[in-house]
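I opened a notebook for this structure. Below is what I looked up, entry by entry.

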2 protein chains.
Amino acid sequence: MAATRTRRTERRENPLSRERIVEAAIELLDAAGEGGLTFRALAERLATGPGAIYWHVTGKDELLHAATDAVVAAAVPPAPAGTAPRDAVRAVALGVFDAIDAHPWVGAQLARSAMDAPILRIFERLGRQVQALGVPRAVRFTAASALLNYVVGVAGQNAANARAVEAGTDRTEFLTRMAAAWTELDPEEYPFVREVAGDLPHHDDRVEFLAGIDLILTGIAPRERPADPPSA
Amino acid sequence: MAATRTRRTERRENPLSRERIVEAAIELLDAAGEGGLTFRALAERLATGPGAIYWHVTGKDELLHAATDAVVAAAVPPAPAGTAPRDAVRAVALGVFDAIDAHPWVGAQLARSAMDAPILRIFERLGRQVQALGVPRAVRFTAASALLNYVVGVAGQNAANARAVEAGTDRTEFLTRMAAAWTELDPEEYPFVREVAGDLPHHDDRVEFLAGIDLILTGIAPRERPADPPSA
DNA sequence: ACCTGAACACCGTTCAAGT
DNA sequence: ACCTGAACACCGTTCAAGT
């Protein structure tokens, strides 16, 4: 019934709001990529002048920040109670990974973000699981940071790849071309890169990403903790 | 004697060259930060018009790429023969870390770089040591990628922090203020971040960074490989 | 071949003026 | 209080014209 009442103010309904602006910004970024977010384009989409947006938002940085935070918040839900810590870490990481897959600009943004809202959300979720893993207080920060930095590193990398592919090329075609380029590198200078070039086209990014997470998890807390030996 | 001959062409000595342009770009980036690199500022420093630069460089992206590559190449020298693989990995990582410390814009650039020259240099160095560590062929790519992504993640983070600090604030003052902000977060939503906030001001970035590297190294290959048990 | 610098097409942001 | 849109101060890049 509140809905019916709304009809009264028919004209000039849809007032500007921070929420609507951020929403439109996300749509623009998704549709047109990182360069697509423009105050003019945004104003047009919201049927106003560019100046109007500044009433609700301090500038482009804040807008980008808010857009990123909205996506990350939706992507990293609290772990369902009873999840094993390792699985919970993987779930958080995958949540971020998939969000970046859907919104490559988020990856670029996370990779250049300081320790504020969007990053802190991820750090918190990872940290809680590190604690649940039984990591001693003194090294929890280090362990959680390692996971965070890895996730954020992959985020930037994926964003860069998405930018590079956007020529409408097929994904495996892109990887195959990259592998070919690697094979042409100087054998003296790039023996390792040349050797692994062949792996490139067969790799599943998601699997590869999770394998990295598992590597760090193993470093943080070895799989099966053997009973403490009877002291030294 | 070649030097004396040079005097002949006194006027209009110092011809433009890709090398000089990249060098000037690096100076500009170091002095004025990421926003300081402008074709106009660069042209002024080189005593030409902006258009002249385009004869030697295709555009700003290539320029930024070349500048980053120059810094990274200098920062990641080949490991001296006989270095233990773990130490060599640490040396590579620290080389990148210190380069970013000296040139924060490099961190931002690496964090958003695809797998081309600058990143490949680092990947190659890390990969060789992964191999030296005895990691089986099939998982070398994964192991080297994990190290690379971590390093690149820290790179982006440090660049962001450098940007945040540039208000001339002292470093520990900056950390103390951040810790204070973390402590004011909602206890329901950010228990972990609040708990570790106190660690922040005491942390040494470099030590913290290396600890993360060690975590991954442990995950890649456990410290002391016990002799293989007599098969299953 | 290489340089010059005005001009073009765009930005983010501001601000007087409106309602 | 909120919106409008012209104007300002910048960009990267191009290009006719020079040497």
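Entry one. I began with D205(A), which is partly exposed at a relative accessible area of 30% (buried means under 20%, exposed over 50%, partly exposed in between, with a 1.4 Å probe and protein chains only). D205(A) forms a salt bridge with R171(A), the closest N and O atoms being 3.1 Å apart (a side-chain nitrogen of Lys or Arg within 4 Å of a carboxyl oxygen of Asp or Glu). The pair links distant parts of the chain, 34 residues apart: R171(A) sits in helix α10 (residues 171–183) of chain A and D205(A) in helix α12 (residues 205–220) of chain A. Helices are DSSP runs of H or I, at least four residues, numbered from the N terminus. R171(A) is partly exposed too, at 36%.

Entry two, on ground rules. This is a predicted model, where local features need pLDDT of at least 70, side-chain atom pairs count only at pLDDT 80 or more, and totals for chains, interfaces and linings use all residues. Residues are numbered from 1 along each chain as its sequence is written, chains are lettered from A and ligands numbered from 1 in the order in which they are written, and side-chain values use heavy atoms, leaving out hydrogens and water.

I looked for salt bridges over all chains and found 26. In chain B, R163(B) meets E34(B) at 2.5 Å, N to O. R163(B) is in helix α9 and E34(B) in the loop between α2 (18–32) and α3 (39–45), 129 residues apart. I also noted R90(B) with D214(B), at 2.8 Å. R90(B) lies in helix α6 (residues 85–102) and D214(B) in helix α12 of chain B, so this pair ties together parts 124 residues apart in sequence.

How many residues does each chain bring to the contact? Chain A and chain B bring 53 residues each (contact means heavy atoms within 4.5 Å). Six salt bridges lie between the chains. One of them joins R140(A) and E195(B) at 2.8 Å. On the side of chain B, α9(B) gives the most, with 17 residues.

I picked T142(B), found in helix α9 of chain B. T142(B) is buried, at 12%. Its side chain makes a polar contact with that of E208(A), at 2.5 Å.

Key
Helices (H or I, at least four residues) and strands (E, at least two) are DSSP runs, numbered from the N terminus. A polar contact is a pair of N or O atoms within 3.5 Å; within protein, one must be able to donate a hydrogen and the other to accept it, and residues adjacent in sequence count only if both atoms are side-chain atoms.
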